[in-house]
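Subject: Structure for your review

Dear colleague,

Please find below the structure that I am handing over to you. My notes on what was found in it follow directly after it.

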Amino acid sequence: MTVQSTLRRTLLTGAATAAALVVLLPQTAQAGGMDVIEVQPYERVEINDQWVMGLLPEGNQNYVVSSPASFDAHIEAAKNYPGSDIRPDSISAGVYGEDGEILLLEGSWRLADGVPFIQVTPEGQDWGYGAQPVVLENEEGWGTYYFDPAAWQIEGVDTYTITASDADGEVFDEIEVSLGF
């Protein structure tokens, strides 16, 4: 009986601590599993069954997001593109949606030092989720990110705020994206 009671108390205390972390430190609590993915040029990064991403060394902040079936063709075409060429200390954003719901958020970032933490906050929520950063191996100063709402079981959202912070936790850019319906 004592073991069960102690275990129950430990589980409840652990759950309360985790809930407090979400309230006090939402970035940390929600960012689990968001280690940087390092890739080779043109390497396919699987986002989900519908989309893949690839980064290119040609151009500035050059990358593609496509269906798995059309990835190779999009990579070849993108080799001739200049890329996003976004301002220093900024992010870009792209959205894919259907029927008033955002199904994928993606973009690039440019930051002189380190990889930013990119938080994606659904409209109406006080806390967000960590987006997945992707970088080219042996390249510094830029990369991409993606966020798949379905992976977090988020449904029916048509507006998000994307916030980028540096290694010191200082916000350096923020964008609101919406399907605009």
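In which sense do strand β3 (residues 52–56) and β4 pair, and over how many bridges? The pairing of β3 with β4 is antiparallel and extends over five bridges.

Before the details, a word on conventions. This is a predicted model, in which local features need pLDDT of at least 70 and side-chain atom pairs count only at pLDDT 80 or more, whereas totals for chains, interfaces and linings use all residues. Residues are numbered from 1 along each chain as its sequence is written, and side-chain values use heavy atoms, with hydrogens and water left out.

Confidence

The pLDDT (the predictor's confidence in each residue, from 0 to 100) averages 85 over the protein chain, and 81% of the residues score at least 70. Over residues 1–33, however, the pLDDT is below 50, and this stretch has 18 contacts in the model beyond near neighbours in sequence; a contact means heavy atoms within 4.5 Å. Where pLDDT is low, the predicted coordinates should not be read in detail.

Overall composition

The protein chain contains three helices and 13 strands. Both are DSSP runs numbered from the N terminus, helices being H or I of at least four residues and strands E of at least two. Of the 181 residues in the chain, 39% are buried; buried means under 20% relative accessible area, exposed over 50%, and partly exposed in between, with a 1.4 Å probe and protein chains only. Among contacts between residues at least 6 apart in sequence, 53% join residues at least 24 apart.

Strands are taken to pair if DSSP finds at least two bridges between them. By that criterion, three strands form an open antiparallel sheet in the order β2-β3-β4. Its edge strands, each pairing on one side only, are β2 (45–46) and β4 (62–66). Met 53 has Val 65 in β4 as its bridge partner. Helix α3 (residues 71–78) lies across β3 and β4 and runs at about 155 degrees to β4; axes are lines fitted to C-alpha atoms, for helices over the stretch in contact, and angles run from 0 to 180 degrees between N-to-C directions.

Tyr 42 is located in the loop between β1 (37–39) and β2. Tyr 42 is partly exposed, with a relative accessible area of 29%. Leaving aside residues up to four places away in sequence, Tyr 42 touches Leu 55, Leu 56, Pro 57, Glu 58, Phe 71, Ile 75 and Lys 79. The C-alpha atoms of Tyr 42 and Gly 54 are separated by 5.3 Å, although these residues are twelve apart along the chain.

β7 and β11 pair in the antiparallel sense over six bridges, and Ser 108 stands opposite Thr 144. Strand β10 (residues 132–136) is joined to β11 by three bridges, also antiparallel, with Pro 133 opposite Tyr 145. The hairpin of β10 and β11 has five residues between the strands, and in it Asn 138 takes a positive phi near 65 degrees.

The four-stranded sheet

A further open antiparallel sheet has the order β9-β8-β12-β13, with β9 (129–130) and β13 as edge strands. Seven bridges join β12 to β13; Ala 164 has Asp 173 in β13 as its bridge partner. In the loop between these two strands lies Ala 167, which is exposed, with a relative accessible area of 73%.

Nonpolar cores

A nonpolar core is a set of buried Ala, Val, Leu, Ile, Met, Phe, Trp, Tyr and Cys residues joined through side-chain atoms within 4.5 Å. The largest has 19 residues, and those with the most contacts inside it include Ile 91, Trp 109 and Phe 147. Among the elements giving two or more residues to this core are β7 (101–110), β11 (142–147) and β12 (159–165). A second, separate core of 13 residues includes Val 45, Trp 51, Met 53 and Leu 136.

Yours sincerely
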